[in-house]
Amino acid sequence: TANVYDAAGENVGIVAQGSLVYLRAQQIKGQLQVKWGDTADEQCQIHYDLTTQAQDKTPNILMREEVCQ
């Protein structure tokens with residue numbers, strides 16, 4: 001697994017098997033950093049938008065498949 005961090009550097013979730021991101025979202029959309037190590041080639045960025053889930057009033061722990069860039 002890899003850890004997911006928000007813009008403040010807080011751990012807000014994990015990436016699990018199948019590239020699913022389990023996220024405790026504080027913002028509806030934004031950018032997150034994924035780290036599976038300490039070097040630059042062991043991290044990437046995820047841009048996410050949870051507008052649809054927010055409209056459906058689903059829980060703030062979300063499962064999403066995202067592309068790491």
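Trainee: What makes β2 and β3 a hairpin, and which residue in the turn has a positive phi?
Mentor: β2 and β3 form a hairpin with 4 residues between them, and Gly18 in the turn has a positive phi of about 80°. Strands here are DSSP runs of E, at least two residues; helices are runs of H or I, at least four; both are numbered from the N terminus. This is a predicted model: local features need pLDDT of at least 70, side-chain atom pairs count only at pLDDT 80 or more, and totals for chains, interfaces and linings use all residues. Residues are numbered from 1 along each chain as its sequence is written, and side-chain values use heavy atoms, with hydrogens and water left out.

Trainee: How do you know that β2 and β3 pair?
Mentor: Two strands pair if DSSP finds at least two bridges between them. 3 bridges join β2 to β3, so they pair, and they run antiparallel. Val15 stands opposite Val21 in β3.

Trainee: What joins β1 to β2?
Mentor: 4 bridges, and the strands run antiparallel. Val15 in β2 is the bridge partner of Ala2. β1 and β2 also form a hairpin, with 5 residues between them. Gly9 in that turn has a positive phi of about 85°.

Trainee: How many bridges join β4 to β5?
Mentor: There are 7, between antiparallel strands. Lys35 stands opposite Gln43 in β5.

Trainee: Which side chains of β5 are buried?
Mentor: Cys44, Ile46 and Tyr48 point to one face and are buried. Buried means under 20% relative accessible area, exposed over 50%, partly exposed in between, with a 1.4 Å probe and protein chains only.

Trainee: What makes a set of residues a nonpolar core?
Mentor: They must be buried Ala, Val, Leu, Ile, Met, Phe, Trp, Tyr or Cys, joined through side-chain atoms within 4.5 Å. The largest such core has 13 residues; Val4, Leu23, Leu32 and Val34 have the most contacts inside it. β1, β2, β3, β4 and β5 each give two or more residues to this core. Its largest share, 3 residues, comes from β5.
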